[in-house]
Each structure stands twice: as C-alpha cells, then as structure tokens.
Amino acid sequence: MDTFSITEVCPHDIAVIRVLKSVATCETTALFCVACNKQLTEAKTEC
Ligand SMILES: [Zn+2]
C-alpha cells in the first residue's frame, strides 16, 4: 500500500488509500489517516 504525508490535514503523517466500493471494473477510493481513521479526501471513482 502506498503512503502519503498528510500533515496539512491532521496531525498524523501517514495515510492509506482505501477502496470504499468496487463495482465491476470501477473502484471508489479515498485517502484515510491510519492513526485517526479520518477520511482525508473526497471519494473518487475510477473505471
Ligand atoms: Zn490523523
């Protein structure tokens, strides 16, 4: 899993992309903080 620096959003500095939904070939993903479990970006769907 890729990690990102997100210190501008919350005090923690590690985040991961999680798949929220997977439909056929489309995946909805968003970036979440590992430490506080906060969603840091809007959900994005890629097909
Ligand atoms: Zn955090």
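A residue here is called buried if 20 or more other C-beta atoms lie within 10 Å of its own, exposed if 12 or fewer, and partly exposed in between, with C-beta atoms placed from the backbone. Keep that in mind as you click along. What you have open is a predicted model, in which local features need pLDDT of at least 70 and side-chain atom pairs count only at pLDDT 80 or more, while totals for chains, interfaces and linings use all residues. Residues are numbered from 1 along each chain as its sequence is written.

**Start with the whole chain**

Switch to a cartoon view. The protein chain has 0 helices and 3 strands; helices (H or I, at least four residues) and strands (E, at least two) are DSSP runs, numbered from the N terminus. Read from the N terminus, the order of elements is β-β-β. The chain has 47 residues, and 4% of them count as buried. Contact means that the C-beta atoms of two residues, placed from the backbone, lie within 7 Å. Among contacts with a separation of 6 or more, 13% join residues 24 or more positions apart.

**Select the three strands**

Together the strands make an open sheet in the order β1-β2-β3, with antiparallel pairing. Two strands count as paired if DSSP finds at least two bridges between them. Colour β1 (15–23) and β3 (44–46): each stands at an edge with a single partner strand, so one side of each is left without a neighbour in the sheet. From one strand to the next, the twist averages 30°, an angle between N-to-C directions that can run from 0 to 180 degrees, with axes fitted to C-alpha atoms (for helices, over the stretch in contact). In general, strands of a sheet pair through backbone hydrogen bonds, either parallel or antiparallel.

**Zoom in on β1 and β2**

Now select residues 26–33, which are β2; this strand pairs with β1 in the antiparallel sense over 8 bridges. Two bridge pairs to display are S22 with E27 and K21 with T28. Keep E27 selected and look towards β3, where E46 stands opposite E27. The antiparallel pairing of β2 and β3 covers 3 bridges.

β1 and β2 form a hairpin with 2 residues between them. Select A24, in the loop between β1 and β2. Its phi is near 50°, a positive value in a residue other than glycine. Most residues other than glycine have a negative phi. A24 is exposed, because 6 other C-beta atoms lie within 10 Å.

**Move on to the loop between β2 and β3**

Select N37, found in the loop between β2 and β3. N37 is not a glycine either, yet has a positive phi of about 65°. With 9 other C-beta atoms within 10 Å, N37 is exposed.

Next, pick K38, which lies in the loop between β2 and β3. K38 has 14 C-beta neighbours inside 10 Å and therefore counts as partly exposed. Which residues is K38 in contact with, leaving aside neighbours within four places in sequence? Show C10, F32 and C33 to see them. To finish, draw a distance from K38 to C10: the two are 28 residues apart in sequence, and 8.5 Å apart in space, C-alpha to C-alpha.
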